[in-house]
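Reader: I would like to go through some of the labels used for this model and ask what each one rests on.

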Amino acid sequence: KPNNITLTHISRPRIAVMLLLLWFGMSTAVSAVHPTAASIDSILQCIDEAISASDQYVQKKKERIAYLKSRAEQAETLSAKYELTYQLYAEYLPFVNDSAIYYLERCSDIALQMGDDSKAGGCLSLTALCCSNAGMYVESEAILKTINPEKLHGIDLGLYYYASGHISGELAYYGKFENMRRQYAETSANYFLLAQKYLPVGHKYYNQCREMLAQGRKDYRQALAINNEWLHNVKPGSPEYALISFYRYLDYKALGDSIQMMYSLGESVLADIRNARNGPRFDVGDGKPADGKRRRRSFLPLHLLHF
């Protein structure tokens, strides 16, 4: 069981890559005398300041998690304990480490105690998603095989299809044989189409499915239109905003707009740092895999293949 959060290091190589990309974008902007060059310069300055203040962001995260743990321990009903435990998972989710998985497993156990097989299956689906995000593909597939989709309904069934689509997409991206990659990519797209039928409209994964499917069709203007709609309903600077901005970066990159591309990447990096997010920069958390090695966290929508 995780006990606390520690900031072990800032991943400077990853930051360096991001900043080099941003500097490249800024130099392009300057040569083209693009009106948003100053905006990119401002983003760079904000990223530098955010890195310097990273300890403050992590401290706020520690306090929030300690508060939720205290409330969860004092919860008098299973439903209250479930909600608070799920919030703990959500706090750890950006780190995509054993801590997030631990609380999802607790949520699944509590749901079973409540007699809610659907909710338990939804939590297991999210556990599988955490594993595939971290490159733990064998574990992800094994977890999904334990779930009976016939016992799921609504959002829980949508989460199952989304997690299944994600692992298929990861295998498509990292596969060595083209025929298998094509098959996995097709399977991934089909699962995402199914997920859209059950996920609530406006849900994070619902929007991801829509945008990724548009990107998979190489319809980047439609993908950007979906991104605009998604962005309009999200709080600026939130973890979801960071995700949207990264997809926005991919859309603009495909459309050849280097200035908007780099600005969106900068917005994503900045929001990630301010949310003490582990993905690009921080190693925050308590649990370590059994082999002691750090797991890779996917940063790209890896299931997008254009054959």
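**Labels and their grounds**

Reader: Why is Ser118 called buried?

Author: Ser118 has a relative accessibility of 3%. Buried means under 20% relative accessible area, exposed means over 50%, and partly exposed lies in between (1.4 Å probe, protein chains only). Because 3% is under 20%, Ser118 counts as buried. The model is predicted: local features need pLDDT of at least 70, side-chain atom pairs count only at pLDDT 80 or more, and totals for chains, interfaces and linings use all residues. Residues are numbered from 1 along each chain as its sequence is written, and side-chain values use heavy atoms, with hydrogens and water left out.

Reader: What does the side chain of Ser118 reach, and with which residues is Ser118 in contact?

Author: The Ser118 side chain comes to 3.2 Å from the backbone nitrogen of His153. That value is inside the limit for a polar contact (N or O atoms within 3.5 Å; within protein, one able to donate a hydrogen and the other to accept it; residues adjacent in sequence count only if both atoms are side-chain atoms). Contact in general means heavy atoms within 4.5 Å. Beyond four places in sequence, Ser118 is in contact with Lys151, Leu152, His153 and Asp156.

Reader: What makes Asp117 partly exposed?

Author: Its relative accessible area is 39%, and 39% falls between the 20% and 50% limits, so Asp117 is partly exposed. Helices here are DSSP runs of H or I of at least four residues, strands are runs of E of at least two, and both are numbered from the N terminus. Outside four places in sequence, Asp117 touches Leu112, Lys151 and Leu152. Asp117 and His153 are 36 residues apart along the chain, with their C-alpha atoms separated by 9.7 Å.

Reader: What makes a group of residues a nonpolar core, and which residues have the most contacts inside the largest one?

Author: A nonpolar core is a set of buried Ala, Val, Leu, Ile, Met, Phe, Trp, Tyr and Cys residues joined through side-chain atoms within 4.5 Å. The largest has 69 residues, and Tyr89 and Tyr162 have the most contacts inside it. Helix H8 (residues 155-174) gives the most to this core, with 8 residues. Another core lies apart from it, with 6 residues, including Trp230, Tyr241, Ala242 and Ile244. Not counting residues up to four places away, Tyr89 touches Ala100, Tyr103, Leu104, Leu126 and Cys130.

Reader: Why is H10 described as largely enclosed?

Author: Of its 13 residues, 11 are buried, so H10 is largely enclosed by the rest of the structure. Among the buried residues of H10 are Tyr205, Arg210, Glu211 and Met212. Their cover includes H6, H8, helix H9 (178-198), helix H11 (220-232) and H12.

Reader: How do you know that the length of H10 agrees with its number of residues?

Author: The expected span is 1.5 Å times one less than the number of residues. For the 13 residues of H10 (204-216) this gives 18 Å, and the end C-alpha atoms are 18 Å apart, so the two agree. Lys218, which follows H10, has a positive phi near 65 degrees.

Reader: What makes H13 largely enclosed?

Author: In H13, 13 of the 17 residues are buried, so it is largely enclosed by the rest of the structure. H13 covers residues 258-274 and reaches 24 Å between its end C-alpha atoms, close to the 24 Å expected. Ala276 follows H13 with a positive phi, near 50 degrees.
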